[in-house]
Amino acid sequence: MLSESGLFLKGVLLGSAVCVLIAALGHVGIGYGPRRDRHKHRHLQAPKEEGILKTAGDERAEPSKSSRVYCVVLVRPRDVSLWAAVKETWTRHCDKAEFFSSEEVRVFESVTLHTDSMWLMMGRACKHAFYKYRDRYSWFFLARPSTFAIIENLKYFLLRKDPSQPFYLGHTVRSGDLDYVDMKGGIVLSIESMKRLIRLLLFPKKCSELGAMIWKMSEDEQLAVCLKSAGVFAGNAEDSEGRDIFNTKSVKLLIKEAMANQTSLAVEGCCSDMAVTFSGLTPSQMHVMMYAVYRLRPFGHIFNDALVFLPPNGSNND
């Protein structure tokens, strides 16, 4: 006959085993229904500055040559004021930037795509960029004209990322079982993810250009569906402390929300110091951002950057 202490110990062990089994079943899933807890996107972080400082001087000077970014801005004629602001501000820091318009606009140079569907525009712009520049650029950045981007921060984030790997990144959102990168914050595709996307677009049965219209999906959701079928999943871009760096709102709105939560930490709670994008900006806000990011410097404060990204030839915003 077992003693009371023996029975107690046996009960504890049995209960622990049951807890472990329940936890395991929660991750495995039962039956044929969809797994609600599936978490397909990855959390991709920027390198830590102390690690960069330990690298050799030659290697630290290399990013200006190797981290080349091609920027795709999708526009419509009604976006003409934003179009002008984007052309005059942050796109000058892309290694190359091109505007892709739904229809011809004589006042601005652009690639005319002859469609008002954002999904068709995205697909055709990617085809153009890939076939024309696949040997010159490893990273392709897609943005709307209301997005402001700090390309140097993007290059820093991409510093230790391998463009030959199949992934794309930005600010990830979940819709049902689908994780996708929100177009409002901008989308970055590696050259490998571009290769797989173009291959899919050539076979409509796998990645139909009409899919977004049939299923009422946004262009960023349709992109995720196509890439997922090719084994390319969304990655949420974060700084070394885990804060998002692709923002789907403006600085003004983010600070306002942070102040509502805790006034004393409005700036710290608002945004990452390594932020890459902000969205929902007006043309005047674009120019204010350009001034704040590239021109305003407090007198007597010395900036010791770990890396130097030289702007492309012709950029006069530094």
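A residue is taken as buried when its relative accessible area is under 20%, and by that criterion both Tyr70 and Phe140 are buried in the predicted model described here. Buried residues make up 45% of the 318 residues in the protein chain, which contains 13 helices and 12 strands. Of the contacts in the protein chain with a separation of 6 or more, 77% are accounted for by residues 24 or more positions apart. The chain exposes about 17500 Å², of which carbon and sulfur atoms supply 56%.

A search of the whole structure finds nine aromatic pairs, one of which is formed by Tyr70 and Phe140. The ring centres of Tyr70 and Phe140 are 5.7 Å apart and the planes stand at 55°, so the pair is classed as tilted. Because Tyr70 lies in strand E2 and Phe140 in strand E5 (residues 139-143), the pair ties together parts that are 70 residues apart in sequence. Both residues, as stated above, are buried, and together with Tyr133 and Tyr137 they form one aromatic cluster. In the pair of Phe130 and Tyr131, the centres lie 5.6 Å apart with the planes at 65°, and the pair is therefore edge-to-face. Phe130 has a relative accessible area of 7% and is buried, whereas Tyr131, at 42% relative accessibility, counts as partly exposed.

Within H5 (residues 80-88), the buried residues are Leu82, Trp83, Ala84, Ala85 and Val86.

Strands E8 (residues 172-175) and E9 run antiparallel and are joined by four bridges, with Asp179 of E9 as the bridge partner of Arg174. The hairpin that these strands form has two residues between them, and Gly176 takes a positive phi near 65° in this hairpin. In a regular strand the side chains alternate between the two faces of the sheet. Along E9 (residues 178-181), Leu178 and Tyr180 point one way while Asp179 and Val181 point the other way, and all of these residues are buried.

The loop between E9 and strand E10 (187-190) contains Asp182, which at 8% relative accessibility counts as buried. A polar atom of the Asp182 side chain lies 2.9 Å from the backbone nitrogen of Lys184. When neighbours within four places in sequence are left aside, Asp182 is in contact with His171, Val173, Ile187, Asp220 and Thr248.

Tyr168, placed in strand E7 (residues 167-170), is buried, with a relative accessible area of 1%. The C-alpha atoms of Tyr168 and Ala224 are 9.4 Å apart in space, although these residues are 56 residues apart in sequence.

Definitions and conventions:
Residues numbered from 1 in each chain as written. Predicted model: local features only at pLDDT ≥ 70, side-chain atom pairs only at ≥ 80, totals over all residues. Heavy atoms only, no water. Buried < 20%, exposed > 50% of the residue type's maximum accessible area, 1.4 Å probe, protein only. Pairing = 2+ DSSP bridges. Contact = heavy atoms within 4.5 Å. Areas by Shrake-Rupley, 256 points an atom, 1.4 Å probe, with all protein chains shown as cover. Phe/Tyr/Trp six-rings, centres within 6.5 Å; stacked < 30°, edge-to-face > 60°. Polar contact = N/O pair within 3.5 Å; in protein donor to acceptor, adjacent residues only side chain to side chain.
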